[in-house]
Amino acid sequence: MTATPGLGTPQLASPELLRSVFRRHAAGVAVITAQGDRPVGFTATSLNSAAAEPPLVSFGVGTSSSSWPVLAEAAHVGVHILGEHQRELAATFARSGADRFAPPTAWRTGPEGVPVLDGVLAWLVCRVIARVPAGDHRLMIAQVVVGDPAGSGRPLLYHQGRFNALRD
């Protein structure tokens, strides 16, 4: 491969190339929750609105994640949009081995028995309709059942490996 004027040298596809490119992509930060024998959850930057009619969302989850065994069987999930004031909450749900639902995490049992986090910008409870194999992940597709968009504040973003605030 040859360098393109004004650009670097192209790299062959690899996990590191993908990570390097997506470090430059600012993404909203969400926490996905589900209830099994115990509540589980993880920080996600792969959340997307998949369709408006019917209202569908999608997100990826690693099959090596501690949350995967519950998500693999869950009928419903919680989707929480985090605010810039929730960096510590995002870090807690991103940390392997953390007791994510212990204080200071504030949460309650919501519709369909799904754990719903307090103080978020918005939340949804969704019915899982598909788990699509995608390499070492599953792309989960879920239909919105109920939610609340009324939280206040500005969204938390993930960029260059850090949680960031939105700037005008």
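Reader: Hi! What should I keep in mind before I start?
Author: The model is predicted, so to speak of local features pLDDT must be at least 70, side-chain atom pairs count only at pLDDT 80 or more, and totals for chains, interfaces and linings use all residues. Residues are numbered from 1 along each chain as its sequence is written, and side-chain values use heavy atoms, with hydrogens and water left out.

Reader: Great. What is the strand order in the sheet of 7 strands?
Author: The order is E3-E2-E6-E9-E10-E5-E4, in an open sheet with antiparallel pairing. Strands here are DSSP runs of E with at least two residues, helices are runs of H or I with at least four, and both are numbered from the N terminus. Two strands pair if DSSP finds at least two bridges between them.

Reader: And which strands stand at the edges?
Author: E3 and strand E4 (48–51); each has a single partner strand, so one side of each is left without a neighbour in the sheet. The twist averages 35 degrees from one strand to the next; such angles run from 0 to 180 degrees between N-to-C directions, with axes as lines fitted to C-alpha atoms, for helices over the stretch in contact.

Reader: How is E2 joined to E3?
Author: By 6 bridges, with the two strands running antiparallel. They form a hairpin with 3 residues between them, and Thr-33 stands opposite Gly-41 in E3.

Reader: What about E2 and E6?
Author: That pair is antiparallel too, over 4 bridges, and Val-31 has His-80 in E6 as its bridge partner. E2 is largely enclosed by the rest of the structure, because 5 of its 6 residues are buried. Buried means under 20% relative accessible area, exposed means over 50%, and partly exposed is in between, using a 1.4 Å probe and protein chains only.

Reader: Is His-76 buried or exposed?
Author: Buried, because its relative accessibility is 16%. His-76 lies in strand E6 (residues 76–81). Leaving out residues up to four places away in sequence, His-76 touches Ala-34, Glu-112 and Val-145, among others; contact means heavy atoms within 4.5 Å.

Reader: Switching to helices: which residues of H3 are buried?
Author: Leu-89, Ala-90, Thr-92 and Phe-93. They cover an arc of only 160 degrees around the axis, which puts them on the same side of H3; the arc is that of the directions from the helix axis to the C-beta atoms. The buried residues of H3 pack against several strands, including E2 (30–35), E3 (39–44) and E8 (115–117).

Reader: How does H3 run relative to E3?
Author: At about 115 degrees, lying across E2 and E3.

Reader: Last one: what volume does the largest pocket have?
Author: About 1300 Å³, where a volume is the space filled by probe spheres set on grid points joined across faces, edges and corners. On a 1 Å grid over the protein atoms alone, a pocket is an open set of points where a 1.4 Å probe fits, with protein on both sides within 12 Å along at least five of seven lines; lining residues have an atom within 4 Å of a point. Of the 34 lining residues, the closest to its centre are Arg-19, Thr-45, Ser-46, Gly-60 and His-137.
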